[in-house]
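Good morning, and thank you for coming. I would ask you to keep the structure in view while I speak.

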Amino acid sequence: MGRLRWMVVALLSAAAFGMSGTFVKPLFEAGWSPGAGSIVRTGVAGLLLAVPTLRALRGRWSLVRRHWLGLLAFGGVGIAGTQTAYFLAVDRIPVGTALMIEYLAPVLLVLATAVWLKRFPPLRVVAGAVLAMAGLPLVLDLGTGGALDPVGLVAALVAAVVCAVYFQLSATLPLPPLALTGVGMWIATAVSAVLGALGLVPITIGATEVRLLGGTVSALVPLAVVVLVATVLAYTVEVAAAARIGARATSFLALTEVLFASVAAALVLAQIPGPMQLLGGLALLAGVVLVVSAPTQHRASVPEQPVPDGSPSPRAADVVPARARRTRPVRARPARAPR
């Protein structure tokens, strides 16, 4: 599958992630806490992905042991941290404002990469980042967002930082996408449970019925959409895409989530975007195209057979490649004449 096709896969992930805020908001309004939404989301997703994860690993547990620290950061910080902070932000400030702040993550990733590599990013990446960030608030129509709660703003900023960590690790950890997603969900559930047990993140199950799309439905309906579409499908295909096109391209393609959310609002809620939102959408798309057009090094494929302990792991994406060793050309010796 070529780079362009994997970009389409990343767009599919953005569309799936766009369902999260819309369907989790009714749960919060019905008394569910962000911690409860987070632990149910990752816990059920982890159960559903248990068998596919074990099949994807196929005995390659040495990869898990070798990269346990990265996996802990991926699940505990990248997944649990991002969604808990985002849910806390959505519970206190408008969804559009929370998304705007969280999606500073791609810019943070570009800046962090530039500092790490001590190299200014390509001009098209800088121009694309500026265009995308200029178009994002127009699409979200932040002028009608309402009052801003300080705790919600801080939570959204935390979500931006840990989201950048998620994108980087999803592109660099050398595990099969299904296995990486499944193990990440297990770790995220464990971390959320520990935070809840310590009282750091309240876990409260609210009403069993919620208001959704003008009617009253079981709380299982929005939970099913959040778990199956916005978690299992979204995370799996995004991790698979990030392994092929890199963290930078994947993170900027994720910005299109707000466009998919706007389209869904127009179709379901008849909320037609205004001229400024359309202009912002064009700017955002132009910025994303500029960023993803810059070439990135893709991650090496995961070996099919179990990797013996002590052997070197595959090189990750978006990492400074080692300098190539200079080798002298081997001159062929002239064939000896037969005696």
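How many aromatic pairs does a search of the whole structure find? The search finds 4 aromatic pairs. Please bear in mind throughout that this is a predicted model.

A pair of aromatic rings is described by two quantities, the distance of the centres and the angle of the planes. Let us apply this to Phe-74 and Tyr-166. Their ring centres are 5.6 Å apart and their planes meet at 25 degrees; since planes under 30 degrees apart count as stacked, this pair is stacked. Phe-74 belongs to helix α5, residues 68-92, and Tyr-166 to helix α9, residues 150-172, so the pair ties together parts that are 92 residues apart in sequence. Both Phe-74 and Tyr-166 are buried.

Tyr-166 also pairs with Tyr-235. Here the centres are 5.6 Å apart, but the planes are at 85 degrees, so the pair is edge-to-face. Because Tyr-166 lies in helix α9 and Tyr-235 in helix α11, residues 220-245, this pair ties together parts that are 69 residues apart in sequence. Tyr-235 is buried, as is Tyr-166. Taken together, ring pairs link Phe-17, Phe-74, Tyr-166, Phe-167 and Tyr-235 into a cluster.

In soluble globular proteins, nonpolar side chains tend to be buried together. In this model, the largest nonpolar core has 86 residues, and those with the most contacts inside it are Trp-32, Leu-71, Phe-74, Leu-136 and Leu-255. Helix α11 gives the most to this core, with 13 residues.

Consider two of these residues in turn. Leu-136 sits in helix α8, residues 123-140. Is Leu-136 buried or exposed? Its relative accessible area is 0%, so Leu-136 is buried. Setting aside residues up to four places away in sequence, Leu-136 touches Met-100, Tyr-103, Leu-255, Val-258 and Leu-284. Leu-255 is 119 residues from Leu-136 along the chain, yet their C-alpha atoms are separated by 8.1 Å. As for Leu-71, its contacts beyond four places in sequence are Val-64, Leu-173, Leu-175, Leu-180, Val-183 and Ile-187.

Next, a helix with two sides. An α-helix has 3.6 residues a turn, so residues three or four places apart point the same way. In helix α3, residues 50-57, the residues Thr-53, Ala-56 and Leu-57 are buried. Why are they on the same side of α3? They cover an arc of only 95 degrees around the axis, and this places them on the same side of the helix. Val-51 and Arg-55, on the other side of α3, are exposed. The buried residues of α3 are covered by elements including α4, residues 61-66, and α10, residues 177-197. Just after α3, Arg-58 takes a positive phi of about 45 degrees.

Helix α10 also holds Thr-189. A polar atom of the Thr-189 side chain lies 2.8 Å from the backbone oxygen of Met-185. Not counting residues up to four places away in sequence, Thr-189 touches Ile-39, Thr-42 and Gly-43.

Finally, let us look at Arg-3, which lies in helix α1, residues 3-29. With a relative accessibility of 30%, Arg-3 counts as partly exposed. Arg-3 and Ala-241 are 238 residues apart in sequence, while their C-alpha atoms are 9.0 Å apart in space.

Conventions. Residues are numbered from 1 along each chain as its sequence is written. This is a predicted model: local features need pLDDT of at least 70, side-chain atom pairs count only at pLDDT 80 or more; totals for chains, interfaces and linings use all residues. Side-chain values use heavy atoms; hydrogens and water are left out. Helices (H or I, at least four residues) and strands (E, at least two) are DSSP runs, numbered from the N terminus. Buried means under 20% relative accessible area, exposed over 50%, partly exposed in between (1.4 Å probe, protein chains only). Contact means heavy atoms within 4.5 Å. Rings of Phe, Tyr and Trp (its six-membered ring) pair if their centres lie within 6.5 Å; planes under 30 degrees apart count as stacked, over 60 as edge-to-face and the rest as tilted. A nonpolar core is a set of buried Ala, Val, Leu, Ile, Met, Phe, Trp, Tyr and Cys residues joined through side-chain atoms within 4.5 Å. The arc is that of the directions from the helix axis to the C-beta atoms. A polar contact is a pair of N or O atoms within 3.5 Å; within protein, one must be able to donate a hydrogen and the other to accept it, and residues adjacent in sequence count only if both atoms are side-chain atoms.
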